[in-house]
Amino acid sequence: MNETVVTLAPGGRNQAVINEILTAGGFDCRNAAPEVLVDGLGKGHFATAVLTEEALHLLPIADLQNALAAQEAWSDFPFVVLVSKGDLSPATAAIIEALGNVAQVERPMRRGTLFGAVRSALRARQRQREARHFISAHADAECQLRVLAESLEARVLDRTRALSETNRRLKYEMAARREATDRMDAMQAELIHISRVSAMGAMASTLAHELNQPLAAVMNYVVASRHLLETAPEPAPQRILAALDAAATNANEAAEIVRRLRDLVARGEVKRQREDLPALIEDALRLGLIDASSSGVECRLLLDVDASSVLVDKVQIQQVLVNLIRNSVEAMQYSPIKVIRINARRLDNKLIEVTVSDTGPGIDAAILAAIFSPFNTSKRDGLGIGLSISRTIIEANGGSITGANGRDGGAIMRFTLPRALGVHRDADTTSSMAPSPAKRRHFLATAAPGNLAN
Ligand SMILES: Nc1ncnc2c1ncn2[C@@H]1O[C@H](COP(=O)(O)OP(=O)(O)OP(=O)(O)O)[C@@H](O)[C@H]1O
Ligand SMILES: [Mg+2]
């Protein structure tokens, strides 16, 4: 810290005496020419100045005033001026006035008085420097605060900008989502429309497919009746009546198929009740083997007695069996051996498994992969929907269906049906099939158009 005391005391031994006194008092003291004093004062080289009254008149007053005016806010340079006893001359008083912070010490003076004045001046200068330190620390803090405030403002601006950007994006996304939802609603409405149309299409093709058999049966019975009427030497009313009855039954069956299919396609409804499986299979066989193409086809049934009570929609399951039987008949068209085997066995407490297998060439590998898909056919005049309908029906009745090729050739179609639980009617099942006393019942039939009306 600068503690230098500059002295200026021209004339005689004044300078030497003052310096001697101050040096002896432990002050860092040096004398300087008037210009050097003023210049050093402006540059902060000294802590205080001790001058004699006479020295005041040597100072370059204008420069001194400039240097004092240029002091920083905290600074008020202290002077100690040694004056003569009595009133000051106006010129001296004016200079002292111009110096500002002046402590006057009368001459002749005592050492202690000079020490005290110089010490006070140094202490005052020291306090000013401390004030400067506080002021600059305060200014620093203010500056930091300003920087912080500015950066805070910048951050707030940034965040606001980011928020408004997010806001804009959100609004855009909301609009896009609303648009997507509207589009989805429109697509859904369109889809419902399309699925209705395709359900109607499916129903139309299903009806065309399923009505074929009973209508063929009706045709057969009517043709047979006509033939009987034409050729019989005598009217054979009983046989004609029976044939017409059968035609009526088949026509009814066709009507029933239409009704059930409509329910299935429109509402997925099935009318399940306890049914006798052997009787059901027997009816299906009669319907499936009705036309000339099934001539020479032999059917072998192996039905377990404890697999005879099922909980199904009878007409629908008959449709499935007719589809499978027709497929087997069509597949065996050129086969030397034409046998259809239908087996039924109890799988577990809940399910009964039915298999329909044949001695045909087996299912084509290209077809087998998607055999239950609609319109998958290897036949020139086939629609390829028989198995697709069959799967829909079996699943709607609570079962499942698979298709495969047998180890010895031929196709094996396998499906399950729910077992009718509760009271067992196996023992008193009424069927045209001859029940064997053993656990299994066997039935053998050879289809031939000739025995249709029997
Ligand atoms: N027992 C079978 N033996 C060999 N191939 C079969 C047998 N059953 C079905 N297929 C194959 O599966 C295909 C699909 O059968 P599906 O009954 O669904 O249709 P389709 O018989 O071709 O025509 P339609 O709709 O008139 O019944 C058949 O074209 C045939 O190639
Ligand atoms: Mg078919």
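**View 1. R226 is an exposed residue of helix α7.** In this predicted model, R226 has a relative accessible area of 53%, so R226 counts as exposed (over 50% is exposed, under 20% buried and in between partly exposed, with a 1.4 Å probe and protein chains only). The helix that holds R226, α7, covers residues 212-231; helices here are DSSP runs of H or I with at least four residues, strands are E runs with at least two, and both are numbered from the N terminus. Look also for A243, 17 residues away along the chain from R226: their C-alpha atoms are separated by 9.9 Å.

**View 2. Helices α9 and α10 pack against each other.** Two packed helices are described by the angle between their axes and the distance between the axes. For α9 (residues 277-288) and α10 (residues 314-331), the angle is about 50° and the axes are 8 Å apart. That makes α9 oblique to α10 (angles under 35 degrees are roughly parallel, over 145 roughly antiparallel, 65 to 115 roughly perpendicular and the rest oblique). Axes are lines fitted to C-alpha atoms, for helices over the stretch in contact, and angles run from 0 to 180 degrees between N-to-C directions. Residues of α9 including L280, I281 and L287 meet residues of α10, among them I317, L321 and I325; contact means heavy atoms within 4.5 Å. The residues of this contact divide into 9 nonpolar, 2 polar and 3 charged (Ala, Val, Leu, Ile, Met, Phe, Trp, Tyr, Cys and Pro are nonpolar, Asp, Glu, Lys and Arg charged, and the others, Gly among them, polar).

**View 3. Strands β11 and β12 form a hairpin.** The antiparallel strands β11 (residues 401-405) and β12 (residues 411-418) are joined by 5 bridges. G403 has M413 in β12 as its bridge partner. Between the strands lie 5 residues, and G409 in the turn has a positive phi of about 90°.

**Notes.** Residues are numbered from 1 along each chain as its sequence is written, with chains lettered from A and ligands numbered from 1 in the order in which they are written. Local features need pLDDT of at least 70, side-chain atom pairs count only at pLDDT 80 or more, totals for chains, interfaces and linings use all residues, and side-chain values use heavy atoms, leaving out hydrogens and water.

Conventions:
Two strands pair if DSSP finds at least two bridges between them.
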